[in-house]
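Subject: A structure for you to look at

Hi there,

Here is the structure I promised to pass on. Have a look at it first, and then read my notes below.

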Amino acid sequence: MYLKDVVESDVTEEMGAEMAGSSRIDDCVRQRTLKTPVSCTGVGLHSGVNVTLNLTPASPDTGVIFHRVDIDEKNNTVPATWDRVVDTRMCTAIGNDDGVTVGTIEHLMAALAGCGIDNACVELDGPEVPIMDGSSDPFVLLIESAGVVEQSAPRRVIRILKTVNVKVNDGQATLMPADQPSLNVEIDFDSAFISKQALSMGLVNGSFCKELARARTFGFLHEVEQMRAAGLAKGGSLDNAVVVSQDGVLNDGGLRFDDEFVRHKMLDAVGDLFLAGGHIIGQFSGISSGHAVNNALLRALFADSEAWTVDVMTSAEAATAVDGGLGAEPVSALA
Ligand SMILES: [Zn+2]
């Protein structure tokens, strides 16, 4: 069952009943989308091809939907949901039943989640989202320049009701009930330069944009060399990834944060968890987690109907990741 079906059968009826007898709708946070279309162009990290991305407003309850505009002979639409994930080895990639895929969606998804966007269409003329500078910051700037508008429908969130835990190889992750969205991430790399890093953060208003968005993806020099030899990471360069050797960071200018590595892992988790189909109210904990663990966690969550519920976000929770610090104009004509 898709989240949208659950939402329509449960929450809308429930809300309709409550709205008839109370003013609960007035206490709800409303959904948000972009005010205007906005676009950027950049190279795909893995494909090495130049891709133009158009980010456009979408109707309430659309969620995030990708369109491969370079494909017209088959279904070119791929909803950004956990059950569409087809590859988590190098990035998070989603695909539809016609085999049309979109790669490297996680940093864009993180920016949309962190900026409090509920609905957006993403048009791409190539196989993956451009890597830009390897972080979410260029997408946050795009969203800021587009502007954000409120829509008439209440925001729907996924509340965690019961702890869910998964392990995949050396990584593990947990979602547990909490009043606010928050994340704990620990990493432990076999590298003197990174080794152990840990970070805990509430995903409260504006924290994503300030603390996480600029953290770049990273790789080790020997892995980069192996990937290049295998024909992977064709678009990778020091302009879009932090590269770590035994002696330190190869990039001019060094790191953007002392703990940029764990911040980027947290950014990835924000993006991957937004594939729940809405903002999660709960606490995420990840230890050596990555895209595979994050997707396994959502699959485990949605396999247990007692572990979650779809609900509206109340105004009392408005300090949570409502707008990522970006102001929104009131209800738009799109609503
Ligand atoms: Zn990443």
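A word on terms first: helices (H or I, at least four residues) and strands (E, at least two) are DSSP runs, numbered from the N terminus. This is a predicted model, where local features need pLDDT of at least 70, side-chain atom pairs count only at pLDDT 80 or more, and totals for chains, interfaces and linings use all residues. Residues are numbered from 1 along each chain as its sequence is written.

Let's begin with a sheet of 5 strands, which is open, mixed in its pairing and ordered β12-β13-β20-β14-β15. Two strands pair if DSSP finds at least two bridges between them. Because β12 (164-168) and β15 (196-202) each have a single partner strand, they stand at the edges, and one side of each is left without a neighbour in the sheet. Inside this sheet, β14 (residues 182-188) and β20 (residues 283-287) are parallel partners joined over 5 bridges, with Glu 186 opposite Ile 287 in β20.

Helix α7 (residues 291-303) lies across β12, β13 (171-176) and β20, at about 140° to β12. Contact here means C-beta atoms, placed from the backbone, within 7 Å; angles run from 0 to 180 degrees between N-to-C directions, with axes fitted to C-alpha atoms, for helices over the stretch in contact. Helix α6 (residues 260-273) lies across β14, β15 and β20, running at about 130° to β14.

There is also an open, mixed sheet of 3 strands, in the order β16-β17-β18. Its edge strands are β16 (218-220) and β18 (248-249).

Enjoy exploring!

Terms used
Two residues are in contact if their C-beta atoms, placed from the backbone, lie within 7 Å.
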